[in-house]
Amino acid sequence: MSLVFETAARPEACGVPSEAVQRFVQEIAEKKLALHGFMLLQGKTVVAESYAKPFSRKAPHRMYSITKSFTSLAIGLLVQEGKIDLSDKICKYFPEKLPKEVDERIAAMTIKDMLCMSSAHSMTTYKRYDGDWVESFFHIEPTHQPGTVFSYDTSATHTLTALVEKLSGKELLAYLREKVLDKLGFSKEAYVIKEPAGVSMGGSGLVCSLEDMARVAYLCNHYGVVDGEELYPSGYLKEATAKQIGTPLQVIQDEREGYGYYFWRARKGGFSMYGMGGQLAVCFPQHDFVFLTIADMQGSGVALQPLYDAFYNHIYPYIAGECVDKATQELENCGLELPMPQGECCSAWEDFLFEKDMVFDNNPLGLKLAKVEYDKEAQRGTFIYENAFGTHLIPFGMGEFVEHTFPEVEYPAVTAAVWEQENRFVLRSFLLGDNFANVWIEIGFKEDRVSIHMKRAAENFLNHYDGFAGGRIVK
């Protein structure tokens, strides 16, 4: 069995005007994006594709973090075989890698925490460790409680890759080939780069063709079913591509839709496999459509937002049947508003957080204590916290901005809050003084453990409002 794609004579055969594809390419050129190639895939039909020399549909290409989605697929197969459960603590599988005294936050980490990028680490550990990459994951001091907030950590993926190879007795790609990839016609030339100890770099090392990616994307877009046969566990793929954790503090719009098990959520109800520099497979199951790219946009300073925007501007409206002659549209509700964080105004778990004292371990934010006071009737509250510079208050409106003075700098500001998920509370502040700035504060909790993630965008001030803190909720 092999998954074979046909090519449409013209994009119009699939409902996409050739002019729309041309406008997409033109916008890419105008923005000077180093796009190596793209493919628009409707079902098994290639609607349109183009490649910059010397790249092609079958040329090998580094896929970077798209590899993480492959690691997720391998984990799903281990679950199907009954070799692991997502609730398993990762430490039990690597006793030989553990320090003499294991931090309780490391000990608490589950496979699911790692798949959701909610490990106990604020960043990749092996880049800060002189030695074994997997060992680094257990030896580097954690920053917060696992399972509470999103934090992109490639060392978590690498450790799960080591788990796959340990339990399967095969290299990551060989295991996937045997189970599913060979059935799709995935190329024999593809490989995964290895790290010094010989473990496949399951977080970033995949080298394959865009056609290979299209085959895997088709599989995922159909939740593992190809031509009526379930080639991969559908239940796991539905979980893996669904929102498992919020990502409200990500820099660009298309990274704020949430995260599954090494799959990003996408605008318009889709999901994506996403690799540094412009490697994309954005899937829309409801439209049986996939948008794929290979590129090198590293150092552009704007991540992949222009690439996403070009697609949504020119291609997606035809795929979704949303295209309207813009010249005939009337302007409605065109008043400007500051962007509100996305979420709900209440949570079934709000009593676990509100009015409770939070006490923090040593952390880069300098946070010592915090509390969220809230008047449910007025839908107003105050985030109270103590750091190295004293005790401060940030008033907020639930689902709406309220005016106040931002602490420490005493600038006029507005702040709103929402429940991004039932156990994840988010505040967003805009500072309106002589120096503009905006600050995100995310509070995630799991039982009595709490994590705070702060991110600020400002020119050389409020620098200590950037990082993670972990601690306990005092009941």
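Mentor: Start with helix H7 (residues 172-184) and helix H8 (residues 210-221), which pack with their axes 9 Å apart at an angle of about 110°. Axes are lines fitted to C-alpha atoms, for helices over the stretch in contact, and angles run from 0 to 180 degrees between N-to-C directions. Helices (H or I, at least four residues) and strands (E, at least two) are DSSP runs, numbered from the N terminus.

Trainee: What do we call the arrangement of H7 and H8?
Mentor: H7 and H8 are roughly perpendicular to each other. Angles under 35 degrees count as roughly parallel, over 145 as roughly antiparallel, 65 to 115 as roughly perpendicular and the rest as oblique.

Trainee: Which residues meet there, in H7 and H8?
Mentor: From H7, Val180, Leu181 and Leu184 meet Arg215, Val216 and Leu219 of H8. The contact of H7 with H8 has 5 nonpolar residues, no polar and 1 charged. Contact means heavy atoms within 4.5 Å. Ala, Val, Leu, Ile, Met, Phe, Trp, Tyr, Cys and Pro count as nonpolar, Asp, Glu, Lys and Arg as charged, and the others, Gly among them, as polar.

Trainee: Before we go on, what kind of model is this?
Mentor: A predicted one: local features need pLDDT of at least 70, side-chain atom pairs count only at pLDDT 80 or more, and totals for chains, interfaces and linings use all residues. Residues are numbered from 1 along each chain as its sequence is written, and side-chain values use heavy atoms, with hydrogens and water left out.

Trainee: What is the mean pLDDT of the protein chain?
Mentor: The mean is 93, and 96% of the residues reach 70 or more. Over residues 324-334, the pLDDT is below 50, and this stretch has 1 contact in the model beyond near neighbours in sequence. pLDDT is the predictor's confidence in each residue, from 0 to 100.

Trainee: Back to helices. How do H2 and H7 cross?
Mentor: Helix H2 (residues 66-80) crosses H7 at roughly 65°, and their axes come within 10 Å. That crossing is left-handed. A crossing is left-handed if the near helix is turned anticlockwise from the far one by less than a right angle, and right-handed if clockwise.

Trainee: And who makes the contact between H2 and H7?
Mentor: H2 brings Phe70, Thr71, Leu73, Ala74, Leu77 and Leu78, while H7 brings Leu172, Leu173, Tyr175, Leu176, Lys179 and Leu181. They divide into 10 nonpolar, 1 polar and 1 charged.

Trainee: What about H2 and H8?
Mentor: Their axes come within 12 Å and cross at roughly 50°. H2 and H8 are oblique to each other, and H2 passes H8 in a left-handed crossing. Ile66, Phe70 and Leu73 in H2 meet Met213, Val216 and Cys220 in H8. This contact has 6 nonpolar residues, no polar and no charged.

Trainee: New topic. Why is helix H10 said to be largely enclosed?
Mentor: Because 8 of the 10 residues of H10 (residues 305-314) are buried. Buried means under 20% relative accessible area, exposed over 50%, partly exposed in between (1.4 Å probe, protein chains only).

Trainee: Which structural elements cover the buried residues of H10?
Mentor: The cover includes helix H1 (18-30), helix H11 (316-319) and strand S2 (35-42), along with strands S10 (271-275), S11 (279-284) and S12 (289-295). Among the buried residues of H10 are Tyr308, Phe311 and Tyr312.

Trainee: Where is the cis peptide bond?
Mentor: It joins Lys53 and Pro54, with omega about 10°. Pro54 is in the loop between strand S3 (45-51) and strand S4 (61-64).

Trainee: What is phi for Met117?
Mentor: Near 55°, a positive value in a residue other than glycine. Met117 is in the loop between helix H4 (111-115) and helix H5 (133-139). Met117 is buried, with a relative accessible area of 1%.

Trainee: And Leu462, is that buried or exposed?
Mentor: Leu462 counts as buried, at 5% relative accessibility. Its phi is near 60°, a positive value in a residue other than glycine.

Trainee: Where does Asn463 lie?
Mentor: In the loop between strand S21 (449-458) and strand S22 (467-474). Asn463 is partly exposed, with a relative accessible area of 42%. Asn463 and Leu365 are 98 residues apart in sequence and 8.9 Å apart in space, C-alpha to C-alpha.
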